[in-house]
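Please look over the structure shown here. A short briefing accompanies it.

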Amino acid sequence: MRYALRRLGFFVLTLWVALTLNFLLPRLMPGNPALAMMAKFHQNGVTPQTLHTLEILFGVNSQQSLLSQYGGYLQHMLTGNLGVSLDEYPTPVTAVIGSAIWWTLGLVGVATVLAFILGTGLGIVSAWRRGSKLDSIVPPTFVITSAIPYFWVAMVLVLVFGLTLHWFPSQGGYYVTTDTPGLNWTFFQDVINHAFLPAVSLLITTIGTWILTMRNTMITTLAEDYVRMARAKGLPGRRIMFDYAARNAILPNLTGFAMSLGFVVSGAILIEYVFNYPGVGFMLLQAVSGEDYPLMQGLFLLITVAVLFAILVADILTALLDPRTRAAH
Amino acid sequence: MTDTPVLEVSGLCVDYVLDRGDVRAVDDVSFTLNRGEFLGVVGESGCGKSTLLFAVAQLLSPPARVAEGSVKFQGTEMVGLTDEQLSAIRWRDMSVVMQSAMNALNPVKSIGAQFKDAMKAHGKPTREEIAGRSAEVLRMVGIDPVHLGSYPHQLSGGMRQRAMIAMAMLFTPDLVIMDEPTSALDVVAQRSLMVQIKELQVNYGFAVIFVTHDMSLISHFSDRLMVMYAGQVDELGATRAVFDRPLHPYTQGLLEAFPSIRGPKVPLKGIPGNPPDLARLPAGCRFHPRCPHAVDTCSQVAPELAAIDDALVRCLRRQDGSLPVEAGHAGHEGSLSR
Amino acid sequence: MAMPVSGIPTETSRATPIQVPAGRAFARVARAVRSNRKATTGTVLLVIFILIAVFPWVIARDSPTQDAYAPTLGLSSAHLLGTNHYGQDLFAQLVWGTRNVLIIAFVVGLATTGIAVLIGVAAAYLGGIWDNSLNVLTDVLLVIPLFPLLIIIAAYAHGGTTLVLIAAITLTSWSYTARQLRSQALTLRNRDFLEAARVRGERKLYIIVVEVIPTMTSLIVASFLTNALYAVLFASSLQFIGLGDPNTVSWGTTLYWAENNAALQTGEPLWAIAPGACIAVLGAAFALLNYAFDEIGNPALRPVRKPARRKA
């Protein structure tokens, strides 16, 4: 119980740090970006409330001290008021994000789960068959793939399968001109079609890490006495591999997997950019080029919260799977 | 009642295949084990006794491998068989008890689940049969069957070791191989566990190979004693005989290192020096650099194992008679309760 | 971008470094590198890149920035990779761009590793409240998604010069390595040879600098490689999306211009693919070296030699 509280405390702390960074960064940067924003706002016309929000978020035209700005800022954030998007004025940031989040969740979610399952499986088998042909090609191949920049894989796929072979579309989430989003089969098919290449890019670049870390922990686990004991008992090979070795090998990796989600997210940003895929990452980069700072901040917070959430899930899973953590904590 | 010995090991050699060349950890070991016999294997750390044990049980993992020799279990040759071929005899006829139950038991499975694993791997027992037998073996070692649902980390050290022994008894095998099962325990727990093991052995009649570095502990329970040094067998004989009249200078040294409670006060003598690096063995007899009785030939000729009275010993000077056999040390435990 | 190859820092990885005087250690490493195929490949590639960065004029005759040629020429002996939309020689751009990339890689690699050593070892040795606070700092930074953070920083700075990129990346990416180093420093804390130093009466700082850190050399070198790799990936990604200085000659900025001109779609694919390939190869070099070091440091991971089957 105490462990759970400590972990939660850590998450709250990290969230607070992220919020504070969001607060401090625009104020610390030379040439207050907020001023550029104000100019933009004057173009768009602005309601007094929005002006007030901007004041809170960025300290524009603010008469208040830094500390009271900070207080107001936190209050806004914690009540879910992330401000108003500058480019999509007057839509609030939360709504803008809402339109993009499902695209990213689908893409990243599916690709990551697949990469995890395939990667862990391949890592387990590769370690189990130490010294075989499989094991001699797996490590070097995936060592190399895990160092390849995400966007490059995306670009190669776009070039080869999208533009040259025309097997898959190379842009967007769906055919904007011909389709309307809705729960119909054509739309669904269209979405899958468009998501295929981005998902494969993500899969190719992330699977390497899963494979290699699982293989490494598996190799260490296979040297343990209880694996030798399982052999001594005459248990069938597959049972030893899964029940004795893999179940133990995966435990230290779960949290590590969750933490690397930060990297998966980064990769998703770049892949969405290359594919013009209408997800959260693409939106972030558009916000950057459009100097839509409220939206940018909101997205950063969202991503941080998502990663924290994943780590929490991994922690819970580890506790469920490992009787020793349950006892100790 | 068959007369085939339970185990016949001849010329067993185990190599560690390393980058810098193969290192022989077990060199030409041969012995026979009969039904119900208790063989103690003693030696310093690194002498190859554990490796020998795993080689006999066919549980070596790379880079270790059986280079030469044969291991016949109840007449069947085991060297070269695959894990699948071995699974028929594993646990049913031959089981293993390891040094640390904390390491040898799967930390994420309950004790009961690990018993069940073993039983289901050999036959198709029903749920009641599994539950019944699991409870039965636990009671054999004095553990309340309620602990079947416990995880290894929830049991005390002594209980874990007993649970491991109980697991080894699931099929009342003909041979139980034990690798220092008492080393991780305190002195009191050690003794009580040994007594338990001996009791089981006497009641169920299985043979035991017991590896340990604690010679005085094993001497109370074993029928025969095998002393290993630097991968070779240096002495092999009836426990009583080895204890009362140790033939090999190494054995003598080991015995002199253990004080006797009842005898007169004798200054403790260790054996000076260290065991040799198996990759760089001394010429001639492997023990000669540390032997108080070494002469020139000892550094030139490597002795073979030869019989003297009823024991086997690997020592040039004993074999040619230049080192007369004297009476054993006064004060070593005389008759022991059996 | 890629993810940490070794996964989470564990106590078991690199947990048993052997204390060896520095000179002999270097010789052992050299020998290990030669015998390990991955390490040799990685080293060779890295050396090639370093040479290109130091002597670019030897390889590429053209200036990378002068738009002196006809645009969108194909491959030829005069222009090994053709020219881009602006009439610049692509090959020259890549060759000259190597310098920027390697500077970023090495400077960030060194700086980040330096910070990580400082914080990781300090946390392990000072213990108590120092350990706790440094840990919390490290963990928080570990969890916060770095790339989005870098994007925001670079966005507010309206695109960064190389210096800004170096600073931003260094300040944010030391936490993973710090954790690994702290883990290892902790396992070393109670080792016998350190105990001996303590008994000799050596001061804590001496012990840390002279005894502990040299023992952690293999981990420190591997960390440097990892950090250099991430520096390259982060920096070129930022340049790619336009947050670097678009006027610098670098692989990432070349990519930026390529993407800006829709190179893939307008039939100039090499403009986009080639710089990415360079990044991939350099990244592979670092990754191979890193993996090889993993194997050198932890013999259990080495390739298993299947002995020839001999009939007994």
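The notes below cover the model and its confidence, then chains A and C, then chain B.

This is a predicted model, in which local features need pLDDT of at least 70, side-chain atom pairs count only at pLDDT 80 or more, and totals for chains, interfaces and linings use all residues. Residues are numbered from 1 along each chain as its sequence is written, and chains are lettered from A and ligands numbered from 1 in the order in which they are written. The model scores ipTM 0.85 and pTM 0.78.

**Confidence in chain C**

- Where pLDDT is low, the predicted coordinates should not be read in detail.

**Chains A and C: overall make-up**

- Chain A has 15 helices and 0 strands, while chain C has 13 helices and 0 strands; helices (H or I, at least four residues) and strands (E, at least two) are DSSP runs, numbered from the N terminus.
- Of the 329 residues of chain A, 48% are buried, and of the 312 residues of chain C, 49% are. A residue is buried if 20 or more other C-beta atoms lie within 10 Å of its own, exposed if 12 or fewer, and partly exposed in between, with C-beta atoms placed from the backbone.
- In chain A, 72% of the contacts between residues at least 6 apart in sequence join residues at least 24 apart.
- In chain C, 71% of the contacts with a separation of 6 or more come from residues 24 or more positions apart.

**Contact between chains C and A**

- The contact joins 54 residues of chain C to 62 residues of chain A.
- On the chain C side, helix H5 (128-143), helix H6 (146-156), helix H11 (217-240) and helix H13 (269-297) each give two or more residues.
- H13(C) gives the most to this side, with 12 residues.
- By class, the chain C side has 41 nonpolar, 10 polar and 3 charged residues. Ala, Val, Leu, Ile, Met, Phe, Trp, Tyr, Cys and Pro count as nonpolar, Asp, Glu, Lys and Arg as charged, and the others, Gly among them, as polar.

**Pro278 of chain A**

- Pro278(A) lies in the loop between helix H12 (261-275) and helix H13 (280-289) of chain A.
- Pro278(A) counts as buried because it has 20 C-beta neighbours inside 10 Å.
- Leaving out residues up to four places away in sequence, Pro278(A) touches Ala100(A), Trp103(A), Gly172(A) and Gly173(A).
- Pro278(A) and Gly172(A) are 106 residues apart along the chain, yet their C-alpha atoms are separated by 6.3 Å.

**Domains of chain B**

- Chain B divides into domain 1 (7-222) and domain 2 (228-260 + 272-336), with bounds from an automatic or database domain assignment.
- The centres of the two domains, taken over C-alpha atoms, are 28 Å apart.
- Domain 1 of chain B puts 21 residues into the contact and domain 2 of chain B puts in 16.
- On the domain 1 side, strand S2 (21-33), strand S3 (38-42) and helix H8 (215-219) of chain B give two or more residues.
- S2(B) gives the most to that side, with 8 residues.
- The domain 1 side has 8 nonpolar, 8 polar and 5 charged residues.

**Strand S3 of chain B**

- S3(B) is largely enclosed by the rest of the structure, because 5 of its 5 residues are buried.
- Phe38(B), Gly40(B) and Val42(B) point one way from S3(B), and Leu39(B) and Val41(B) point the other way.
- S3(B) pairs in the parallel sense with strand S8 (residues 207-212) of chain B over 5 bridges, where pairing requires that DSSP finds at least two bridges between two strands.
- Val42(B) stands opposite Thr212(B) in S8(B).
- S3(B) also pairs in the parallel sense with strand S9 (residues 224-229) of chain B, over 4 bridges, and Leu39(B) stands opposite Arg224(B) in S9(B).

Methods:
Contact = placed C-beta atoms within 7 Å.
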